[in-house]
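Hi everyone, thanks for making time. Please have a look at the model on the screen, and then I'll walk you through the parts I'd like to talk about.

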Amino acid sequence: MDVFKLLTRSAKASHTTPRQTLPSSGEASNPQLFGYTAEQEGQPNLQLGRKRKREEDSVKEAITIPKELDFFGEAFHHKNDGAQVGKNQGSRGANGNSQDGESTQDKYGAGKRMVEGLVERLSEDECKRVLRIHKLKITVLEDFHTEKEKDLIGKKSKKRKKTEEKLQGPPAKKAKSQLYPQPLTAFEQLRSRYAISKRLAENLEAQGYTVPTEVQLGGLPLLLGARDAQVGDQQNGEGNGYGKQGQDLDLLAVAPTGSGKTVTFLVPVLNALIGEIKSSTREMDGATGIGPRAIIIAPTKELAAQIANESRKLTLGTTVKTALMKKGMEVVDRSGEEMTNNHAEDERRNDTSEEDDHSVNELKATGSTRKERRKRKQAEIVKAAILVATPLALLNVLKKHSGETTPLPTVRYLILDEADVLLDPLFRDQTLSIWNACTHPSLRVSLWSATMGSNIEELAISTINNRWHSLVSSYPVPLPPRVPLIRLVVGLKDSAIPNVTHKLVYAATEQGKLLALRQLLHPTSMPSIDTTPTLRPPFLIFTQTIPRAMALHSELLYDIPPEAGGSARIAVLHAGLPSMARDSVMTRFRRGEVWVLITTDLLARGVDFRGLNGVVNYDVPNSAAAYVHRVGRTGRAGREGGVAVTLYTTEDIPYIKNVANVIRASEKLQGKAEGDAKKWLLDALPTPSKRDRQKLKQRGVEARRPGKAADAKTKARTRISTKSGWEKRMENNRRGAIAGSRMRKKVNEEGVKGGGSESEFEGFAD
Ligand SMILES: Nc1ncnc2c1ncn2[C@@H]1O[C@H](COP(=O)(O)OP(=O)(O)OP(=O)(O)O)[C@@H](O)[C@H]1O
């Protein structure tokens, strides 16, 4: 025993508190966010237990799935039903470190599953149980089969409907069917159960993926197809002849930030394309020529680049290529068009295509300028099977020639990442134009986000319907049967991840916010006194607008001492910067050269910085969803120790309750009785009206908007600066004096040169 430690009263002794675990400190042990420990299971008094009871009841009431929707095969229905469920449940923390396939499967009840050849299956009860403990809910959102049948039967007349209603009462609300696919409990099963490409499986392993996250646990089995490897061999090639394997459904997936949605949507598409290219089955109904097979749309350039990078990592060593949409690229083969439009030009190109050197000379000889040659070279057709793009970049290319959107007949998979923002008014028209341009009759669509309003679901359903009706009227041959739209939800919809500590700080004024931020940059509190985790670099700071991000950057530029790297450690990133500068900041931040990155909502969605320790909302986010996405930049893949600080002033009080509610919900998920969103605070804060919320979403906090709208007083109040009024006045005076002195000097010089003129003002006569 260290006597000195017992006796000493110095501050040093109090620093022996355990070190804070940080996202930047290393790899996460368990990427899963949900699941319960065996101990928790045995405590019926816990809220968890009550919830389970309710869920069990709802499972009992589960609706029998119509045969055509039972994609997961009959196998688990008739054998081993009612098998006793294993006791050792998957858990976050306690059991989380088990990484090898065998032990991961064991936690779902060893010996209770049936083995059919090489493919192991869980009984239906086990499936339900595993999905439930991981908070996965999979429902049939829309069964277009029945829609079609309804169309065939013909619509009942209004009068007949009314009389039927009178006799039988109003029709009961149709309950949604719930699905329980075989969960994927280890990445190894992708090979044993779904026979995915060996190379793809190796690349996944090389990325360190072993334990699937919740969205992967439910989403991959859904998208990789109903049939396992054995049954699949017999099924492939049969059926409608359009979709040969895998994704036989459209999907709407809502899963927490950082939960691995990218891998979930990439793996099934990559696997299908690898198989297709390998067997060189290039014939596609309605599709001619070359063009992308899959299109992934993301709202920002940064996110699109990240997805393309992830896709390239997973297809390493395969023939599937990924292209990131860039200026000057051509998506569809327009060689035919060009031949008619610019026959002479094409002729010249053909003449000179024999040998490179020769062709250059020929071009020179025929008077083709360097600019023309460069343009031709740039307008290369995307030959890659996968194209990742932002909506505007892609649509610009599609509309470049005629102003009309050129169809994309080769596209069979359309993925909308951050679908709620892509279908928000800002991007809606662009996204829908691209969606409708994908004319392949077996197009499979999937929409992904951590937040999704019911309006997005409705929009997805109506778009699928409208697209179908226009295809039916224009397609020369009968179309294949429609596939259902499935919804997969992980955890509580529209909530922040439970592994982040939230802090809601009232700073009263803009100056107060700057002071609070400086305290975060230079923490002075001792861990033993202040038990809340401190924010450590690297972290992100979000502001409402680009001018505010720039102002904050110049204010904080010299806050990091030179011995720690000085101003190079702090950077700003926003949409106003040129593309090259944006790329460079992203690279420096990822490399750890930049510690503090000030940005706007440009980086709020999708961007993955694995070791990010925290997020500061310098300006409050403009919606609850924006808060969820901003704070979701930390705590990725289940990493613990992330901190999210939100500073608010008097101007924000009318809107802050949205954020406080999200924080409260997240704290409840963490099991905290009362955290930073105290009950008294929630009770005291005003509830913003729907109109206020809409206005905030569109415009942000009005006082912080640039432009003439705000009066001088408001502008002064919301300016980002720590200078006092007196200091500013002194500075102004000094600036005025310098300008005056310069002016006088200039006037004197001109006077000397010109010798003065009569028209010049020479003062008032006495
Ligand atoms: N099974 C896994 N095991 C460990 N890490 C994983 C796993 N799946 C994904 N990851 C990692 O988790 C991080 C977050 O993944 P991803 O960017 O796909 O999240 P997301 O769900 O798309 O988040 P967001 O909603 O913010 O877009 C990535 O660094 C990814 O490599």
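Let me start with the residue classes: Ala, Val, Leu, Ile, Met, Phe, Trp, Tyr, Cys and Pro count as nonpolar, Asp, Glu, Lys and Arg as charged, and the others, Gly among them, as polar. With those classes, the shell around the ligand divides into 8 nonpolar, 9 polar and 4 charged residues.

Two notes on the source before we go on. This is a predicted model, where local features need pLDDT of at least 70 and side-chain atom pairs count only at pLDDT 80 or more, while totals for chains, interfaces and linings use all residues. Residues are numbered from 1 along each chain as its sequence is written.

Back to the ligand. A residue counts as near it if its C-beta atom, placed from the backbone, lies within 6 Å. There are 21 residues around the ligand, and G260, K261, T262, G606 and A637 come nearest. Which helix gives the largest share of that shell? Helix α13, residues 261-278, with 3 residues. Helices here are DSSP runs (H or I, at least four residues), strands are E runs of at least two, and both are numbered from the N terminus.

Now the domains, whose bounds come from an automatic or database domain assignment. The assignment gives domain 1 (25-82 + 89-145 + 174-242), domain 2 (265-333 + 377-490) and domain 3 (500-726). Domain 1 and domain 3 each give at least three residues to the ligand shell.

How do domains 1 and 2 meet? Contact means C-beta atoms, placed from the backbone, within 7 Å. On that basis, 30 residues of domain 1 touch 26 residues of domain 2. On the domain 1 side, β3, α7 (144-153), α10 (198-206) and α11 (214-224) each give two or more residues. The largest share, 8 residues, is from α11. By class, that side has 16 nonpolar, 8 polar and 6 charged residues.

Next, two helix pairs. Axes are lines fitted to C-alpha atoms, for helices over the stretch in contact, and angles run from 0 to 180 degrees between N-to-C directions. Helix α19 (residues 391-398) packs on helix α21 (residues 425-437) at about 55°, with the axes 9 Å apart. That makes α19 oblique to α21; angles under 35 degrees count as roughly parallel, over 145 as roughly antiparallel, 65 to 115 as roughly perpendicular and the rest as oblique. The contact includes L394, L395 and L398 of α19 and F427 and I434 of α21. Its residues divide into 8 nonpolar, 3 polar and no charged.

In the other pair, the axes of α26 (residues 624-631) and α27 (residues 657-670) come within 9 Å and cross at roughly 50°, so α26 and α27 are oblique to each other. Here A624, Y627 and V628 of α26 meet N658, V659, N661 and V662 of α27. This contact has 5 nonpolar, 2 polar and no charged residues.

Finally, some backbone details for you to check. The peptide bond from P537 to P538 is cis, with omega near 0°, and P538 is in the loop between α23 (510-521) and β12 (539-542). K135 has a positive phi of about 55° although it is not a glycine. You'll find K135 in the loop between α6 (124-133) and β3 (136-142). Thanks, everyone!

Key:
Contact = placed C-beta atoms within 7 Å.
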